[in-house]
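Dear colleague,

My notes on what was found follow it, and I would be grateful if you could read them alongside the coordinates.

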Amino acid sequence: MGNLLEINPDGGERLRYDASDFPVRCVDGDLSHFPGYAAGCHWHNDFEILLANSGDLDYFVNGRIVSVLEGQAIFVNARRLHYGFSAKKQECLYFCTVFHPDIFGSPAMPTARYVSALSSDAMPDYLILTQEDCLQRLRNIRAISRQKEPGWELTILSEFCRLVGCLLTLTKTETPGKLPDVLWISLRQMVGFIQANYADPIRLEDIAAAGTVCRSKCCRLFQENMGTTPIRYLNRYRLEKARELLLSTDHPVTEISHSCGFESPGYFADQFRRMYGLSPREVRKGSAAGSLKRICD
């Protein structure tokens, strides 16, 4: 969570990894980084594991909400809609790692076959990790990713292999996941459409068409499963992308507003302030000074 994202042809998010030739991303973060203490709902083809180092948080995974207590971790399977948040709007400091199945080699490799089995739609959507062996693997992965000593890729890969072994063992005692029904597939397609086309003009009809549902069913799917409307999700996603560009580029604010799908710079500035409590220029100045004020609703 919290890093720049790109979009795959299937609508899933493609993450910026720590190394271009090694699809692993490891980050330390804090939940107050996100407006309202809630990350944006998304999905990707990578596995995701988050360790709550200080404080608790909640996780939405494919329509279910689960609590992750301090000291626990959550594994989110590939291709599941998910996001972390705090219903109580309280801080949580976390370590998060995402890793793509490709790190385990070609499909003919034994490790890849195990990973393919883990990521199948019939496997659990998520696992809460409390076992010390799993948690220690995560702590090892964090330490290796921070130090990045020569050969760190081999060392961290060995930890991921052991971690996958732990996860496969846990799946034997968990209730198997159910195959995604047509409505879940529709919702994932609509979210992917927004993430891939947010820079262009988008109507409610366009979002519904991406999921091959009518407008009313589109709105109902978003409201019942994500707690928001399709258009509100679109606007929030656009604002998140704009904030990333403000903090990572020197592009003019007007150019950023247009590139993120806002036709009016004034409307963009108003919506940005409503979401972050600061104007786009104030966010950029705060970042440059190293003192960005994080204001959450």
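Please keep in mind throughout that this is a predicted model. Ser 186 belongs to helix 4, which covers residues 182-197. With a relative accessible area of 4%, Ser 186 is buried, because the cut-off for that class is under 20%. Setting aside residues up to four places away in sequence, Ser 186 touches Gly 211, Thr 212, Val 213 and Leu 221.

Helix 4 itself is made up of 16 residues. Its first and last C-alpha atoms lie 22 Å apart, close to the 22 Å expected at 1.5 Å a residue. The buried residues of helix 4 are Trp 184, Ser 186, Leu 187, Met 190, Val 191, Gly 192, Ile 194 and Gln 195. As background to that list, an α-helix has 3.6 residues a turn, so residues three or four places apart point the same way.

Trp 184 also sits in helix 4. Its relative accessibility is 15%, and it therefore counts as buried, the limit being under 20%. Residues up to four places away in sequence again being left out, Trp 184 touches Phe 60, Asn 62, Gly 63, Leu 81 and Asn 225. The C-alpha atom of Trp 184 is 8.6 Å from that of Leu 221, although the two residues are 37 apart along the chain. Leu 221 is also one of the residues that Ser 186 touches.

Gln 223 is found in helix 6, residues 215-226. Is Gln 223 buried or partly exposed? At 42% relative accessibility, Gln 223 counts as partly exposed, because this class lies between 20% and 50%. Beyond its neighbours within four places in sequence, Gln 223 is in contact with Thr 228 and Thr 229.

Strand 8 (82-85), helix 7 (230-248) and helix 9 (265-276) are the elements that give two or more residues to the lining. Helix 7 provides the largest share, 5 residues. By class, the lining residues comprise 11 nonpolar, 7 polar and 5 charged.

I turn next to the cysteines. How many disulfides does a search of the whole structure find? The search finds 0 disulfides. A disulfide is a covalent bond between the sulfur atoms of two cysteines. For Cys 218, the closest cysteine sulfur is that of Cys 219, at 5.2 Å; this is too far for a bond, because the sulfur atoms would have to be within 2.5 Å. Cys 218 is buried, with a relative accessible area of 0%. Cys 41 is buried as well, at a relative accessible area of 5%.

Finally, some values for the protein as a whole. Its secondary structure comprises 10 helices and 10 strands. Of its 297 residues, 49% are buried. Among contacts between residues at least 6 apart in sequence, 71% join residues at least 24 apart.

With kind regards

Notes. Residues are numbered from 1 along each chain as its sequence is written. This is a predicted model: local features need pLDDT of at least 70, side-chain atom pairs count only at pLDDT 80 or more; totals for chains, interfaces and linings use all residues. Side-chain values use heavy atoms; hydrogens and water are left out. Helices (H or I, at least four residues) and strands (E, at least two) are DSSP runs, numbered from the N terminus. Ala, Val, Leu, Ile, Met, Phe, Trp, Tyr, Cys and Pro count as nonpolar, Asp, Glu, Lys and Arg as charged, and the others, Gly among them, as polar. Buried means under 20% relative accessible area, exposed over 50%, partly exposed in between (1.4 Å probe, protein chains only). Contact means heavy atoms within 4.5 Å. The expected span of a helix is 1.5 Å times one less than its number of residues.
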